[in-house]
Structures are given as structure tokens and as C-alpha cells.
Amino acid sequence: METETSRIIVVGAGVVGLAVAWHLARAGAAVTVLDPEEPGSGASSGNAGAISSSSVAPLAMPGVLKQVPGMLLRPDGALRIPPSYFPRLIPWLSRFLASARPARVAEIADALALLQAGAVEQHRAMLAEEGALDLLRETGQLHLYFDDAHLAKDAGGWALRQKHGQRLEYLRGAELHAFQPGLSPRYQLGVLMRDLGASTNPRRHAEVFARGVERMDGRILKGAVRALITENGHVTGVATDAGPLPADRVVLAAGAWSAQLLRPLGYRIPLESQRGYHVVLPKSGLDLPRIVVAADRKAFISPMEMGVRVAGTVEFGGLDRAPDPRRAAYLLEDIRRVFPAASTEGAEGFWMGHRPCLPDSLPVIGPVARWPGLWCAFGHGHLGLTGSAPTGALLARAMLGPAPNTPLSAFAPERFT
């Protein structure tokens with residue numbers, strides 16, 4: 001354990017950066033968090049709220065190549081690549097498909113299982129320390145299928161969950177509809193995971209972490225980081241519009257923008273924006289105690305403080321393309337398919353955010369070997385909320401001690417060089 005106070009700058013006030021800063025501040029470091037926007041206001045604010053420690057299956061699974069034509073041809077597809085963006089995405093897709101080899105999938109699942117183990121418990125501990133346990137719902141998740149043939153299409157992912165300890169319950173027919181009233185009769189099979197958690201307000205969840213950083217004498221500053229400052233082969237601070245800020249160490253947790261700051265240091269990280277959408281139904285009329293997931297549409301229907309949030313429809317289109325309002329209409333259609341009686345009156349909060357997505361679904365966590373003083377915590381994709389608390393604890397121990405049990409080699413940026 002280090003004895004001298006470390007000056008650490010965390011670049012990025014999303015939920016991952018804030019969890020890292022929270023754990024660093026708790027361990028005694030002098031922490032400053034920098035972001036051009038308010039804490040938790042980016043992709044961290046708009047997710048489905050799931051805290052899914054058993055989500056260990058990568059996006060690239062065996063057989064994924066068969067799905068690519070559908071991604072291009074269906075405007076309403078749950079996973080969408082606009083044709084005009086496809087040429088730019090080809091290098092990323094090549095790595096993505098290479099990650100779908102069965103042996104590689106098993107390695108990725110093992111690494112995600114190690115990282116996310118105990119995620120619900122770690123969120124609970126952080127929220128309890130901040131007096132905000134009302135944010136955590138521990139009622140599990142229910143995934144819906146039409147029948148056994150439909151479920152078989154996701155057999156690989158469920159097998160990985162079970163291999164890593166997830167308990168599954170299968171609800172069929174009348175039992176399913178009694179358990180979750182209001183479902184469309186199209187769904188006759190449900191897979192229930194009782195021990196998963198959810199946030200009732202992801203933005204407030206991140207803001208609570210930010211408040212904790214400040215409570216422990218850390219600083220949250222609004223400002224854009226334009227570059228990493230280097231001197232004699234070390235990263236020694238950050239350049240901002242207000243001038244340079246020196247640091248003993250810098251943690252890069254800038255989400256989908258992280259690769260841009262690494263590029264001048266010679267790293268070409270294949271980071272894409274996994275553009276996620278949501279809408280909120282303040283008057284849905286649904287009795288919904290837990291997250292319900294429609295497997296056919298990959299749509300998450302989540303009960304939250306502000307109403308029922310419908311999230312999904314992953315889109316690859318880069319950081320600059322304008323949001324597509326049609327995606328909101330597709331989400332409203334999704335909830336009507338699942339809950340025909342749901343009211344969409346007053347639907348609001350159409351939102352699109354940039355989730356940082358790497359082709360192997362593994363985040364970049366740990367030190368940058370060629371640049372002492374620089375650490376990374378980005379690339380969690382759609383699992384940013386889940387992975388935030390475990391990543392914060394892991395990185396703080398790696399930086400300040402005692403050494404963590406989880407090896408960081410699987411998450412190193414050097415895997416892309």
C-alpha cells in the first residue's frame with residue numbers, strides 16, 4: 001500500500017470513471033475528475049439499468065456472420081449498421097468476427113466473469129456508503145422467448161452464463177403469464193434470473209458516485225481534456241482549455257472518446273460507438289417489478305423512478321451521425337409487441353448515447369505499458385453500469401495496493417498491437 005498521497009486525474013465522469021474515482025478517493029488518493037459535461041450525463045444516463053454480473057457472452061458469438069446481411073437490410077433491426085457506414089466499419093468487423101471463434105469466446109467469457117463477479121454486491125456496498133440504497137432493485141431479470149426453438153438460438157449464451165454460476169429458472173405457458181401479467185400470448189417461455197440487480201435511475205446512480213468522490217475530498221471539474229501531457233516517456237498530466245493539469249497518474253475513462261486521446265501515443269484502439277436508444281413511458285400502466293427482456297428484439301423493458309424505460313436497438317454509426325428518430329418508433333412498437341395493453345401516452349425522453357464498444361467485448365483496463373503514469377478504464381460497451389463498481393475496485397487496488405487477485409492481462413490495451 002502506498003503511503004504518500006497520489007495526485008490522480010480521471011478523464012471522464014461517466015459511471016465507470018466515477019466508480020474508479022470513488023475507490024481511489026476512498027483509498028486516500030487526491031482525485032480530480034474531468035469531463036466537458038455533467039457527471040453521468042452521457043451514455044451512463046441512458047442505459048437499461050441492468051446490473052448483470054452473469055452477462056459474460058460477448059457480442060461476437062459463433063454464427064454471428066449469418067446475421068450481418070440482416071443488419072444491413074433491415075432498418076428496424078435490433079442490431080443496425082447503416083449501409084453508408086459499413087465500409088468504415090470493415091476493419092472493426094474483421095476483428096469482431098475473429099473474436100467469434102469458440103476458443104476465443106470461452107476466454108472472453110472467463111475474463112468477463114472474473115471482472116463482473118459480485119457486481120450487485122459491490123454496487124450495494126457503494127450505494128449503502130452513500131445512503132442511496134433506494135437506487136438498487138434486486139428482483140432479477142426475465143428473458144422472453146416464443147418457444148424452445150426460439151430459445152435454442154441463444155443456447156450458447158445461456159450455456160456460458162450457467163458455466164459461470166448463473167442459476168436459471170424456466171417458466172412456461174400459464175406459469176409464465178401468471179408470474180408476469182400482461183404479456184403477449186406470443187411468449188410462452190421465460191428464463192428467470194432472480195439474483196441480478198438493476199438501478200432505478202442510472203443517471204442518479206452515477207451522480208451518487210460523484211457526490212461520494214466530493215465527500216471524500218475529490219474534485220469534479222467541468223472541462224474538456226484536449227491531450228495527454230508526456231515528459232521523458234511518462235504521462236505527467238492533461239492539457240485542458242484552461243491550461244495544463246499535472247498529475248502523478250492519469251486514468252483514461254472517456255468512454256467512446258478514449259481512443260482519440262490514446263492515438264497520439266501510438267495506440268490504435270479499435271473503439272466504436274455502440275449507439276444505444278431509449279424512450280420512457282411515464283404512464284405505462286404496467287405492473288413491472290423487474291426488467292423484462294424480449295429476446296427476439298433484444299429490447300430491455302425496465303421499471304424506473306421516471307416510468308418504464310424501453311432500451312435497445314444497437315446501431316453502429318460513429319460519433320458524428322445524428323440520432324435516428326425512427327429508432328424511438330421501433331422501441332414503442334417493441335413494447336406493444338411484448339405488452340399489448342401498455343400505454344404509450346406521453347412517451348418522452350427519446351435518447352441516444354455512445355457506448356464504447358470493442359470488437360472482443362472486453363474493456364481496456366489497466367496500465368499502458370509503453371507510457372508509465374497512464375492507466376485505462378474504458379470500452380465496457382452495454383455493460384458499463386454493471387462493470388463500473390468492479391472496475392473501480394480492481395483499478396484502485398492495482399494502482400494503490402494491495403494487488404488485486406484478478407489479472408489485468410486480458411484487458412490490456414496491448415492486445416490490439
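Biologist: Hi! Among contacts between residues at least 6 apart in sequence, what share joins residues at least 24 apart?
Modeller: In the protein chain that share is 76%. A contact here means heavy atoms within 4.5 Å.

Biologist: Good to know. What kind of model am I looking at?
Modeller: This is a predicted model, where local features need pLDDT of at least 70 and side-chain atom pairs count only at pLDDT 80 or more, while totals for chains, interfaces and linings use all residues. Residues are numbered from 1 along each chain as its sequence is written, and side-chain values use heavy atoms, with hydrogens and water left out.

Biologist: How many helices and strands are there?
Modeller: The protein chain has 12 helices and 21 strands. Both are DSSP runs numbered from the N terminus, with helices (H or I) needing at least four residues and strands (E) at least two.

Biologist: What percentage of the residues is buried?
Modeller: Buried residues make up 58% of the 417. Buried means under 20% relative accessible area, exposed means over 50%, and partly exposed is in between, using a 1.4 Å probe and protein chains only.

Biologist: What about the accessible surface of the chain?
Modeller: The total is about 16700 Å², and 55% of that belongs to carbon and sulfur atoms. These areas come from the Shrake-Rupley method with a 1.4 Å probe; for residues, only the protein chains shown count as cover.

Biologist: Let's switch to charges. How many positive and negative ones are there?
Modeller: There are 43 positive and 38 negative charges, and their mean positions are 5 Å apart. Lys and Arg count as positive, Asp and Glu as negative, and His and the chain ends are not counted. Each charge is placed at NZ of Lys, CZ of Arg, CG of Asp or CD of Glu.

Biologist: How many salt bridges does a search of the whole structure find?
Modeller: The search finds 24. A salt bridge is a side-chain nitrogen of Lys or Arg within 4 Å of a carboxyl oxygen of Asp or Glu.

Biologist: Which residue does Glu-130 meet in a salt bridge?
Modeller: Glu-130 meets Arg-215, at 2.6 Å from N to O. Glu-130 sits in the loop between helix H5 (119–129) and strand S5 (136–137) and Arg-215 in helix H9 (residues 202–215), so the pair ties together parts that are 85 residues apart in sequence.

Biologist: Is Glu-130 buried or exposed?
Modeller: Glu-130 counts as buried, at 10% relative accessibility, while Arg-215 counts as partly exposed at 44%. Both belong to a network of salt bridges that links Arg-26, Glu-129, Glu-130 and Arg-215.

Biologist: Where do Glu-207 and Arg-203 lie?
Modeller: They are four residues apart in helix H9, so about one helical turn separates Glu-207 and Arg-203. Their side chains meet in a salt bridge (3.1 Å, N to O).

Biologist: New topic: where is Glu-138?
Modeller: Glu-138 is in the loop between S5 and strand S6 (141–145). Leaving aside neighbours within four places in sequence, Glu-138 is in contact with Val-120, Arg-124, Arg-194, Leu-196 and Gly-197. Glu-138 is partly exposed, with a relative accessible area of 41%.

Biologist: Last one, backbone geometry. Which peptide bond is cis?
Modeller: The bond from Gly-401 to Pro-402 is cis, with omega near -10 degrees. Pro-402 lies in the segment after helix H12 (384–400).

Biologist: And what is the phi of Asp-217?
Modeller: Asp-217 has a positive phi of about 75 degrees although it is not a glycine. Asp-217 lies in the loop between H9 and strand S10 (219–222), and is exposed at a relative accessible area of 70%. Lys-298 is not a glycine either, and has a positive phi of about 55 degrees. Lys-298 is in the loop between strand S16 (291–294) and strand S17 (299–304), and is partly exposed at 44%.
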